[in-house]
Amino acid sequence: MTPSDLTELESSLLAEIAAADSLEKLEAVRVSVLGRKGKITEQMKGLSSLEPSARKTLGQILNQIKDRLTKAIKTQQISLEATELKNRISGETSDVTLPPRPRKIGHIHPISQVMEECVEIFGEMGFLVAEGPDIEDDFHNFTALNIPPEHPARQMHDTFYLPENDEGSRLVLRTHTSPVQIRTMENNSPPIRIIAPGRTYRSDSDATHTPMFHQVEALVIDETTHMGHLKGCIIDFCRAFFGIPDLPVRFRPSHFPFTEPSMEVDIGCIRADGELKIGNFGEGADNWLEIMGSGMVHPKVLEYGGIDSNKYQGFAFGMGIDRLAMLKYGIPDLRTFFDTDLRWLSHYGFVPLGVPSMIRGL
Ligand code: DAH
C-alpha cells in the first residue's frame, strides 16, 4: 500500500467508527481494525516483507494512523456510554407507591426473653436484680454455702476448675447462681430481696445437659420471713410465669446443704402422645415435673454471709432458665439454644419491643 492508500483506508475506518451507534457495534469495529486479524494489524504484519527504508516510512505512518484510530475509538466509546446512561436515567422511573422493603430485625433469644420475664415477675414482687462473677472462688461457690471440702455435693457439681493460682487454690466456673446469695449478704444488710439470673457451668454434656447453662436464684431475708412466704412467692411465680392461674404446685422434701428444711418444687403436667403439657389436669392427675430447688436459708449460710442468724431468717430458691424456656415455648432440644443458628432464632426468638410486628401491630 502507498501512503495515499493508507490515508484512504484511515478515512474509511474513521467513518466506520463514527457510524457505530452502539457499544456492541463499536467493539465489532475495533476488532475489525485493531484485533489480531484487523485491517491495521494486517498492514503492520506486511511491513516485514518491505525494504528497510520503505518499512521505516510506512511503519511511521501506520503507527500514527493506529494512534489516531485508537483515540477515535476511545472518544466514540465515551460518547456512546454517556448517551446510554442518559437514556437509562430518562427511561427509568421510581414507583413511590411501592411498600418499603421489610427491614431486617434481630430476634431476642428465648433465654434472654425468659430472664426478662423472671425479672419482670419478681420485680413486681419487689425483688432487685443482683449479679456475681462467673469465675468464683471456692469459698463463695461451696464453703459459704455449707459445702465444706470433701462434702459429696462437690462431686455432684462436675466443677470446671481453673489452674492453681499463687496461693495454691483454684478458682472455679460457678456451678450454680447460689454464690450470689453470699455476695449479696456480704454487701447488704437485711431486709434482702434479690434475684440473680446468670450463666452457670458444669462439666456435663448430653442431650439434656450443656456445659454452660442458666439459672435464676432468689434470696429473701428479714426478721420474720417464714416458709409461708417461700410457698406463696414460688406458687405466685410459677402461675404468673406459665400464665396458668390454677397451676398445681407441690413442695416435696429434699436436701440441699445450704437450706434447712429443703424442698424441691414440682408443677402439674400431663404426658400425652409423647408431649409434655404444663397445667391443671384435674383431681386424679398425678403427673409432676420438678422445676426448682428451695428451702429456708441454713443458719450457717447466714453466718458465712455476715448476718446474725439469731435475728434474721430467710428463704432461697434456684431454677434452670433453659428448661423453663423449653417448657414454656415448646423447644424440644436444649442444645439448639447454643447452635447460633439464625433460622432457629427467627423461629423461636422474640421480636424486640418497639419494633412493629405483623402479629403485634404498631
Ligand atoms: N443451687 C441449686 C442447684 O444448682 C439450686 C438451689 C436449690 C438453689 C435450693 C437454692 C436453693 O437457692 O435454696 O442445684
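This is a predicted model: local features need pLDDT of at least 70, side-chain atom pairs count only at pLDDT 80 or more; totals for chains, interfaces and linings use all residues.
**Exercise 1. How are helices H2 and H4 oriented to each other, and which residues make their contact?**

Step 1: Find the two helices. H2 covers residues 23–34 and H4 covers residues 52–91.

Step 2: Look at the geometry. Their axes are 10 Å apart, and the packing angle is about 170°.

Step 3: Apply the rule. Angles over 145 degrees count as roughly antiparallel, so H2 and H4 are roughly antiparallel to each other.

Step 4: Pick out the contact. H2 brings Leu23, Leu26, Arg30, Val33 and Leu34. On the H4 side, the residues include Lys66, Leu69, Ile73, Leu80 and Glu84.

Step 5: Sort the contact by class. Seven residues are nonpolar, three are polar and four are charged.

**Exercise 2. How are H1 and H4 oriented to each other, and how do the residues of their contact divide by class?**

Step 1: H1 spans residues 3–19, and its axis comes within 10 Å of the axis of H4.

Step 2: The crossing angle is roughly 10°. Angles under 35 degrees count as roughly parallel, so H1 and H4 are roughly parallel to each other.

Step 3: From H1, the contact uses Pro3, Leu6, Glu10, Leu13, Leu14, Ile17 and Ala18. Among the partners on H4 are Leu58, Ile61, Leu62, Ile65 and Arg68.

Step 4: The classes come out as 13 nonpolar, one polar and two charged residues.

**Exercise 3. How are H5 and H11 oriented to each other?**

Step 1: H5 runs over residues 110–124 and H11 over residues 321–329.

Step 2: These helices pack at about 95°, with 9 Å between their axes. Angles from 65 to 115 degrees count as roughly perpendicular, so that is how H5 and H11 stand to each other.

Step 3: The contact includes Ile111, Val114 and Met115 of H5, together with Ile321, Leu324 and Tyr329 of H11. By class, it has eight nonpolar, one polar and three charged residues.

**Exercise 4. Which residues come nearest to the ligand, and how much of its area does the protein cover?**

Step 1: There are 15 residues around the ligand, and His176, Ser178, Arg202, Gln215 and Glu217 come nearest.

Step 2: Check some distances. A polar side-chain atom of His176 is 3.0 Å from a nitrogen atom of the ligand. Ser178 also places a polar side-chain atom 3.0 Å from a ligand nitrogen. For Arg202, an N or O atom of the side chain lies 2.9 Å from an oxygen atom of the ligand.

Step 3: On its own the ligand has 360 Å² of accessible area, and the protein covers 90% of that.

Step 4: Strands S5 (212–222), S9 (288–297) and S10 (313–320) each supply at least two of its residues. By class, the shell holds four nonpolar, nine polar and two charged residues.

Note on methods. Residues are numbered from 1 along each chain as its sequence is written. Side-chain values use heavy atoms; hydrogens and water are left out. A residue is near a molecule or strand if one of its heavy atoms lies within 4 Å of it. A polar contact is a pair of N or O atoms within 3.5 Å; within protein, one must be able to donate a hydrogen and the other to accept it, and residues adjacent in sequence count only if both atoms are side-chain atoms. Accessible areas come from the Shrake-Rupley method with a 1.4 Å probe; for residues, only the protein chains shown count as cover. Helices (H or I, at least four residues) and strands (E, at least two) are DSSP runs, numbered from the N terminus. Ala, Val, Leu, Ile, Met, Phe, Trp, Tyr, Cys and Pro count as nonpolar, Asp, Glu, Lys and Arg as charged, and the others, Gly among them, as polar. Axes are lines fitted to C-alpha atoms, for helices over the stretch in contact, and angles run from 0 to 180 degrees between N-to-C directions. Contact means heavy atoms within 4.5 Å.
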